[in-house]
Amino acid sequence: MKAIGGITVLNSVVRVNMNSLEAIIEKLPEKYLMLSGRSLTSKVVSEEVDPAADPLGPGNRLVFACGLLAGTGLSSANRLSAGAKSPLTGGIKESNAGGMAAFRMARLGIRAIIIEGEPPGDGRYILVVDRQGPRLEEAGWISMAGVYEKTSKILSKYGGRVAVLLIGPSGERLQLSSGIAVNDPGGNPGRYCGRGGLGAVMGSKGLLAVVLDDSGVSIEKPVRAEEFNSRVKAVSNWIKENPLTAEVYNKYGTAAMLSNTNALGGLPTRNFSTGTFEGANKIDGYAVYNTIVSRGGDGTPTHACMPGCRIKCSNVFPGSDGRCLVSPLEYETIAMVGANCGIEDLDAIARINYLCNDYGVDTIEVGCALAVVMESGSIPFGDAEAAVRAVEEIGKDSLLGKIIASGAVTAGRVLGVKRVPAVKGQGIPGYDPRSIKGTGVTYITSPMGADHTAGSTARASIKHHLKEGQVELSRMVQLWCSLMDSLGLCIFLGTAIKDRRVLADLVSHRLGRDVTLEDLMEIARETMEVEREFNRRAGITEVHDRLPEFFYHEVNPVNGSVFDIYSEDLEK
Amino acid sequence: MIDVSVLFKTPWMPGGQSVVSLEEGSTVGDMLKKTGIEKKQWTELLVVVNGKSRLPDELLEDGDIIVILPLMCGG
């Protein structure tokens, strides 16, 4: 596959028409020159998808995009964005993950992959992109297999170094909590574009996997390579100097966050009935680290989810026999499957995480739905064995399994539960919005629905349980997250960056075209505006910018807080 | 004098729990100074008092339960 003239870096788009089963390479339109990651997926969705379209119908598009800095030596720059109209929220969605996919895409010179239409009959396909170009291959031989088995078969057929994006049986069944898995540098498909049910969109297109193979492709160097590499080195040094990136994420992973939310009364516990969990010490970052180190074997507390990452917040969590139980085991899963279900058994949480990964469902949505099932009285809070069995029902596709795999809102409706933690149809992740109110503002105002990755404010020096300053804080953090997502950068890299202008320098030197930080901020701003406009046209308006009612009157017993930020506060 | 309980959960600092005695009218900042944390490090820390985050200029009371953590966002 050869680079196409004009734009010199990442100038190809793969367009796949599932109606005609054709896959072609297009030249990246000039108007998209500065767009990548979330800014590109959201722009394509807004331009090509009718906001009224059925998310699981032929009119929806599934878009994958790497960041402008992917495939280079820069740390933490290989997040892959997936975008579409979400079947869970009914609005626009972008969900991103680490792993190999963005790296291999960038090395192939591809900025975006756009999937449109739906196949004739019950056809199942794999999209293969290599130096010969893109093509669809028949995928009946992996259909309905779990994500781990599918990955293993794909790696056997196409070679161990390929990147794979894939869905599990849940995505093939069009279930609303389905995500899209990505393999890590070791081949393990544990990285997830988890949120918003994008795996169901992929399933609706009859697409089971995308295989990216950059073997034999000559790699595009940054246009001003020397200047680019000097900035890469500066960023690496900042990562080494910052205690969070050098010590906390590196050793304890994201699970370190659990001590913070637990102390703040912000750890969702037993379906958001309180914000501090009595079993927190058994599932926090220290417990994860100590368990991994004492068990040894396959386990490691420090693991890179993508090539070139120097933060390495991922891990491999072993069982008592030393064999990998799941990789990674992260904060959101521990919070939502653990504390939010009253479960203090790390092995059970890891087992549920593995099962969710294998079925291809989002652990946050499943954690929310499982706690709703517990609130209905079907399963007691804290019963780890019953929780594992309930999640196994997803694999059996039983009625209970279908209910859990359909997410928290559907589970609440079917089971008659009134306290359902969700915004715009999507389950609330691991931060109680009464105790960390800035993140609560993000949940209600983000075009993405309840999503911590859209703007988590927990790192700010602010009194998190009070309303003052939270709207402005959330607005600022959401913009920053939009910027990082739009460059395909991990948000944790932002922790180490001492001067944000380095991002503009890196983009400028990669493209050979001078760009300022303000230019990048403007793209981030426009991206959020494009997303809001799509949602307005899809019927999601300011009326939907609110939490479930119980958060406004039910006191979080840890700190006496309710959520007291109303629509009039948002308008200021 | 007032006594407050201080628990360190900051991986790059010595851990453990201790009771710290302070003058009446002491602030969060006074407590941080007394426990040996330099002012330039304060911006990297989250101080939680009785389940609520507190800033350095806020007053402490006898019996307060304090946790000191890294200021971070999770996964």
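Helices (H or I, at least four residues) and strands (E, at least two) are taken here as DSSP runs, numbered from the N terminus. On that basis, chain B holds 1 helix and 5 strands. Their order along the sequence of chain B is β-β-α-β-β-β. The radius of gyration, taken over C-alpha atoms, is compared below with a globule rule of 2.2 Å times the number of residues to the power 0.38. For chain B the radius of gyration is 12 Å, close to the 11 Å given by the globule rule for 75 residues, so chain B is as compact as a globular protein of that length.

The model is predicted, with local features requiring pLDDT of at least 70 and side-chain atom pairs counting only at pLDDT 80 or more, while totals for chains, interfaces and linings use all residues. Residues are numbered from 1 along each chain as its sequence is written, chains are lettered from A and ligands numbered from 1 in the order in which they are written, and side-chain values use heavy atoms, with hydrogens and water left out.

To stay with chain B for a moment, its C-alpha trace spans about 40 × 25 × 25 Å along the principal axes. Of its 75 residues, 51% count as buried, where buried means under 20% relative accessible area, exposed over 50% and partly exposed in between (1.4 Å probe, protein chains only). With contact meaning heavy atoms within 4.5 Å, 53% of the contacts in chain B between residues at least 6 apart in sequence join residues at least 24 apart. Chain B exposes about 3600 Å², of which carbon and sulfur atoms supply 51%; accessible areas come from the Shrake-Rupley method with a 1.4 Å probe, and for residues only the protein chains shown count as cover. For charges, Lys and Arg count as positive and Asp and Glu as negative, with His and the chain ends not counted, and each charge is placed at NZ of Lys, CZ of Arg, CG of Asp or CD of Glu. The 7 positive and 11 negative charges of chain B have mean positions 6 Å apart.

Turning to chain A, the secondary structure comes to 23 helices and 17 strands. Its radius of gyration is 22 Å, close to the 25 Å of the globule rule for 572 residues, so chain A is as compact as a globular protein of that length. A box of roughly 60 × 50 × 50 Å, taken along the principal axes, is filled by the C-alpha atoms of chain A. Buried residues account for 67% of the 572 residues, and 69% of the contacts in chain A between residues at least 6 apart in sequence join residues at least 24 apart. Chain A exposes about 18400 Å², with 49% supplied by carbon and sulfur atoms. Its side chains include 61 positive and 65 negative ones, and the centres of the two sets lie 3 Å apart.

Confidence is expressed as pLDDT, the predictor's confidence in each residue, from 0 to 100. The mean pLDDT of chain A is 97, and 98% of its residues reach 70 or more. Among the elements of chain A, strand β3 (residues 61-65) has the highest mean pLDDT (99) and helix α23 (residues 567-571) the lowest (92). Over residues 1-5 of chain A the pLDDT is below 50, and this stretch has 16 contacts in the model beyond near neighbours in sequence. Where pLDDT is low, the predicted coordinates should not be read in detail.

Helix α11 (residues 331-338) of chain A is mostly covered, with 8 of its 8 residues buried. Among these buried residues are Tyr331(A), Glu332(A) and Met336(A). The cover over the buried residues of α11(A) includes α8 (257-264), α9 (280-283), α10 (285-295), α12 (346-359) and α13 (363-375) of chain A. In the loop between β15 (324-326) and α11 of chain A sits Pro328(A), joined to Ser327(A) by a cis peptide bond with omega about -5°.

Lys424(A) lies in the loop between β16 (422-423) and β17 (426-427) of chain A and is buried, with a relative accessible area of 14%.
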